[in-house]
Amino acid sequence: EARREWFAYLRGKSGSELELAAHVASTHQWHDMAILTIARAGKFDALDVRFPNPYPALMLRASNRYQVAPYWVLAVTRRESSFNAKARSPVGARGLMQIMPATGRGISKQLNAPLASTEALYRPALNIRFGTNYLATLSKQMGHHLVLATASYNAGPHRIKRWLPSERALEADIWIDTIP
């Protein structure tokens, strides 16, 4: 309901009004709305609003634990949910790092970390821990190739393996353009 109200409020607002609204959203830690609103305002140089770091301790702890670059975790989280801990995708991915329930159950077994219910995937500490572990697993599976591991995180490693060129290697940016 609040999101609908937010978008209704933004209709017809000027660039400076949108920028102010984005800063208000950011101040109140409504990061996903701040990111969307500042982009709508065209203020792409407002890096503090566009690229917040709302969970630094959780991300650093998980990054150290699973030996994954903390900024990779931050980037995946920003892209997956814009830091909305309550995010749920149309296909059912949950939380900050958008973990699918089946993936969450698999990670839970691998880590021997009980997952009481898939609703627990909305808890930032658990979501970041599981998502970072999954990034580490995918990185190993993809030969520590960050582009392939990141694509696997979003689309699934089985799809990435099908999408890889069979005849010759491609530059990462060209390969990305070939993804269906």
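In helix 9 (residues 146-155), the buried residues are Leu148, Ala149, Ala151, Ser152, Tyr153 and Ala155. Buried means under 20% relative accessible area, exposed over 50%, and partly exposed in between, with a 1.4 Å probe and protein chains only. The model is predicted, so that local features need pLDDT of at least 70 and side-chain atom pairs count only at pLDDT 80 or more, while totals for chains, interfaces and linings use all residues. Residues are numbered from 1 along each chain as its sequence is written, and side-chain values use heavy atoms, with hydrogens and water left out.

**Exercise 1.** State which helices the buried residues of helix 9 pack against, and what follows the helix.

*Solution.* Step 1: contact means heavy atoms within 4.5 Å. Step 2: the partners of these buried residues are helix 6, helix 8 (124-141), helix 10 (157-163) and helix 11 (172-178). Step 3: just after helix 9 comes glycine 156, with a positive phi of about 100°.

**Exercise 2.** Describe the secondary structure and burial of the chain.

*Solution.* Step 1: helices (H or I, at least four residues) and strands (E, at least two) are DSSP runs, numbered from the N terminus. Step 2: the chain has eleven helices and zero strands. Step 3: of its 180 residues, 44% are buried. Step 4: among contacts with a separation of 6 or more, 45% come from residues 24 or more positions apart. Step 5: along the principal axes, the C-alpha atoms fill a box of roughly 50 × 45 × 30 Å.

**Exercise 3.** Determine the surroundings of arginine 78 and whether a salt bridge is present or absent.

*Solution.* Step 1: arginine 78 lies in helix 6 (residues 70-81). Step 2: a salt bridge is a side-chain nitrogen of Lys or Arg within 4 Å of a carboxyl oxygen of Asp or Glu. Step 3: arginine 78 is buried but has no salt bridge, and the nearest side chain of opposite charge, aspartate 48, is 11 Å away. Step 4: with neighbours within four places in sequence left aside, arginine 78 contacts Ile35, Arg50, Phe51 and Phe83.

**Exercise 4.** Explain why asparagine 84 counts as buried, and list what this residue touches.

*Solution.* Step 1: asparagine 84 is located in the loop between helix 6 and helix 7 (101-111). Step 2: asparagine 84 counts as buried because its relative accessibility is 17%. Step 3: not counting residues up to four places away in sequence, asparagine 84 touches Arg3, Asp32, Gly95 and Leu96.

Note on methods
Lys, Arg positive; Asp, Glu negative; His and termini not counted.
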